[in-house]
Amino acid sequence: MNKLRIGLIGVGGIATTRHIPTLLKLADRVTIVAVSDIDANRASSVAAAFNIPKAYQNYEEMFHEIDAVFISTPNKFHAEITIAAMTAGLHVFCEKPMALTSAECEAMVSASKQAGKILSIGYHYRFMKEPKGAKRIMASGAVGNPLVVRVQAIRRRKVPGWGVFTNKELQGGGSLIDYGCHLLDLSLWLIGHPEPVEVMGTAYNALSRSPGQVNQWGSFNPDTFEVDDHVTAYIKFAGGTSLLLETSWSNNIKEDVIENVSISGEKGGLDVFPLTVNYAKEGMLFNSEAAWIPGEEDPSLPQAENFINACQGLEEQLVKPEEAWKVSAIIEKIYESTNLGTSVRF
Ligand SMILES: NC(=O)c1ccc[n+]([C@@H]2O[C@H](COP(=O)([O-])OP(=O)(O)OC[C@H]3O[C@@H](n4cnc5c(N)ncnc54)[C@H](O)[C@@H]3O)[C@@H](O)[C@H]2O)c1
């Protein structure tokens, strides 16, 4: 089989620390033909650093020489670049979140259908060992019908103080769209993507807006901090499942990080981090934590392999664009609910 010819668009942090090194490990299956960045110096220095033959400022100039693109630009550009690449007949791996709005996601899905090309989104938590194990537990029936799902993506004081993460226009939001989206995606995948019917959400940023904050991940200007740093939401699904979401970059809790999806079902329950199955037996209550789970620690390689396999028709893609669209649709409703001060229905 011919090697997949790949180009990367937006070669900042995640492209240079995850995607390029991972694709270089898969050199028997792919060739990185070119990189592109709106910052021409960045494009050429990244190309030189990784021995990539070509660098472009205008991404469309490389479309004729590649089969697939990895898009790692700020969120605002995900939709327009995906649609341009699909229109040129390319497969697309786009970083999370899929886009800023549900309407943009819809346009991306329809461009992918029209082109008949793979579109996958960088929800890499699904490729981690514990979530994969949790998916198998859900499929086994040990949990049964999910009743209440708790989703936590909570950091005490880790506002990303670099790049454009606190820029609302470019990113569309803060802790929820950047970090909470991962665990929300994971939870929806585990419970089989039921239809959301109603959302109540509240977004905060009082901490990051006040001067002199302690922050563990660099520094930011509180006067220009436009996005959320802490969000809570309650989501109701058709079929009766409810989901409680809490996500933050910054808050005043005692823990450094709390990251988990906990599902309480009709038959049993599970926690993803650490992977634990909770059940009642013989009049007693048990929590059994996995002692060993097969798989890779780093999800980067299995994520890239799944995308390459899907492009080459060898395997189904794990993260489908319709599923990532659902995550973005819920996030959009949480922000809408915050602005309106009421719950909102789908
Ligand atoms: N999966 C994850 O856990 C994860 C982690 C970090 C970032 N991300 C996502 O990756 C994306 C990029 O994040 P990052 O941390 O690498 O940001 P970054 O700021 O480090 O890099 C973004 C790059 O895109 C370039 N760029 C900006 N606008 C462009 C345009 N219109 N066309 C081409 N290039 C453009 C910038 O010059 C920069 O080099 C974001 O969507 C972010 O949410 C995902």
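Select Thr73 and the ligand together: a backbone N or O atom of Thr73 lies 3.1 Å from an oxygen atom of the ligand. This is a polar contact (a pair of N or O atoms within 3.5 Å; within protein, one must be able to donate a hydrogen and the other to accept it, and residues adjacent in sequence count only if both atoms are side-chain atoms). The model is a predicted one, in which local features need pLDDT of at least 70 and side-chain atom pairs count only at pLDDT 80 or more, whereas totals for chains, interfaces and linings use all residues. Residues are numbered from 1 along each chain as its sequence is written, and side-chain values use heavy atoms, with hydrogens and water left out.

Next select Ile14, where a polar backbone atom is 2.9 Å from a ligand oxygen. Taken alone, the ligand exposes 850 Å², of which the protein buries 84%; these accessible areas come from the Shrake-Rupley method with a 1.4 Å probe, and for residues only the protein chains shown count as cover.

Which residues come nearest to the ligand? Of the 24 residues around the ligand (each with a heavy atom within 4 Å of it), the nearest are Gly13, Ile14, Asp37, Asn75 and Lys96.

Now select strand S4, residues 68–71. Strands (E, at least two residues) and helices (H or I, at least four) are DSSP runs, numbered from the N terminus. Ala68 and Phe70 point one way from S4, while Val69 and Ile71 point the other way, and all are buried. Buried means under 20% relative accessible area, exposed means over 50%, and partly exposed lies in between (1.4 Å probe, protein chains only).

Display strand S1, residues 4–9, which pairs with S4 in the parallel sense over four bridges; two strands pair if DSSP finds at least two bridges between them. Ile6 has Ala68 as its bridge partner in S4. Then display strand S5, residues 91–94, which runs parallel to S4 and is joined to S4 by four bridges. Here Ile71 has Cys94 as its bridge partner.

**Salt bridges**

Side chains of opposite charge can pair when their charged atoms come close. The structure holds 14 salt bridges, each a side-chain nitrogen of Lys or Arg within 4 Å of a carboxyl oxygen of Asp or Glu.

Select Arg5 and Asp67, whose side chains meet in a salt bridge of 2.8 Å, N to O. Why does this pair tie together parts that are 62 residues apart in sequence? Arg5 lies in strand S1, whereas Asp67 lies in the loop between strand S3 (54–56) and S4. Arg5 counts as partly exposed at 36% relative accessibility, and Asp67 is partly exposed with a relative accessible area of 21%.

Lys96 is in the loop between S5 and helix H4 (102–115), and Asp178 is in helix H7 (residues 175–190), 82 residues apart. Are these two residues buried or exposed? Both Lys96 and Asp178 are buried.
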